[in-house]
Amino acid sequence: MFDVNALKVATFTTSTNEALCLKNVLQDEKIKKAFFDPRQDSAALYALYGIKLQGVIDVQVMHCAVTDPTKCAVSFEKCVAELPFKDEELHAVKEVKDKGHSLYKDDGGAVFDERPLPLKLLQYCIEDVVLL
């Protein structure tokens, strides 16, 4: 996890080797990165930091390709619900997501400026990466 709010552009440019900074990794088409519907992430990275995402694998598009190509605007939550989880596992995932979402849904995302980040918010973010 990178603290972009604190580090700003240094998040993407700091490295011990020019080729290993995060900006170069994100822009390297040979290094594959999995995103779920990266449109907003891509637009924000470009507008704020001049980063042009390359080598992106869109998991949402992959889901469409193997299920129903006529229904490509499927949510991350719907895709997760289709995974072969036991009911109690799916309930646990939903509980983490709901707790994290409840922290920022009413405050416009201000909770992301708190330091340290609330544990429920960290778990929410980690859950997305694990599920992806």
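Helices, as named in these legends, are DSSP runs of H or I with at least four residues, numbered from the N terminus.

**Figure 1. The whole chain in a predicted model.** The structure shown is a predicted model. Its chain has eight helices and two strands, and along the sequence these elements follow the pattern α-α-α-β-α-β-α-α-α-α. Taken along the principal axes, the C-alpha atoms fill a box of roughly 45 × 35 × 25 Å. The chain has 132 residues, and buried residues make up 24% of them. Among the contacts with a separation of 6 or more, 44% are between residues 24 or more positions apart.

Figure 2. K97 is found in helix α7. Is this residue buried or exposed? The relative accessible area of K97 is 9%; buried means under 20%, so K97 counts as buried. Neighbours within four places in sequence are left aside in this view; beyond them, K97 is in contact with E77, Y124, E127 and D128. P118 lies 21 residues from K97 along the chain, and the C-alpha atoms of the two are separated by 14 Å.

Figure 3. Helix α5 covers residues 59-66, and H63 lies in it. With a relative accessible area of 14%, H63 is also under the 20% cut-off and is therefore buried. Which residues does H63 contact, leaving aside its neighbours within four places in sequence? They are V74, C79 and E82. With E82 there is a polar contact between the two side chains, at 2.7 Å.

**Figure 4. Close-up of the largest pocket.** About 1800 Å³ of space lies in the largest pocket. Its lining consists of 42 residues, and those nearest the centre of the pocket are D41, F112, C125, D128 and V129. Several elements give two or more residues to this lining, including the helices α4 (39-49), α7 (87-104) and α8 (119-131) and the strand β1 (33-35).

Definitions and conventions
Residues are numbered from 1 along each chain as its sequence is written. This is a predicted model: local features need pLDDT of at least 70, side-chain atom pairs count only at pLDDT 80 or more; totals for chains, interfaces and linings use all residues. Side-chain values use heavy atoms; hydrogens and water are left out. On a 1 Å grid over the protein atoms alone, a cavity is a set of points where a 1.4 Å probe fits but cannot get out, and a pocket is an open set with protein on both sides within 12 Å along at least five of seven lines; lining residues have an atom within 4 Å of a point. Grid points are joined across faces, edges and corners, and a volume is the space filled by probe spheres set on the points. Buried means under 20% relative accessible area, exposed over 50%, partly exposed in between (1.4 Å probe, protein chains only). A polar contact is a pair of N or O atoms within 3.5 Å; within protein, one must be able to donate a hydrogen and the other to accept it, and residues adjacent in sequence count only if both atoms are side-chain atoms. Contact means heavy atoms within 4.5 Å.
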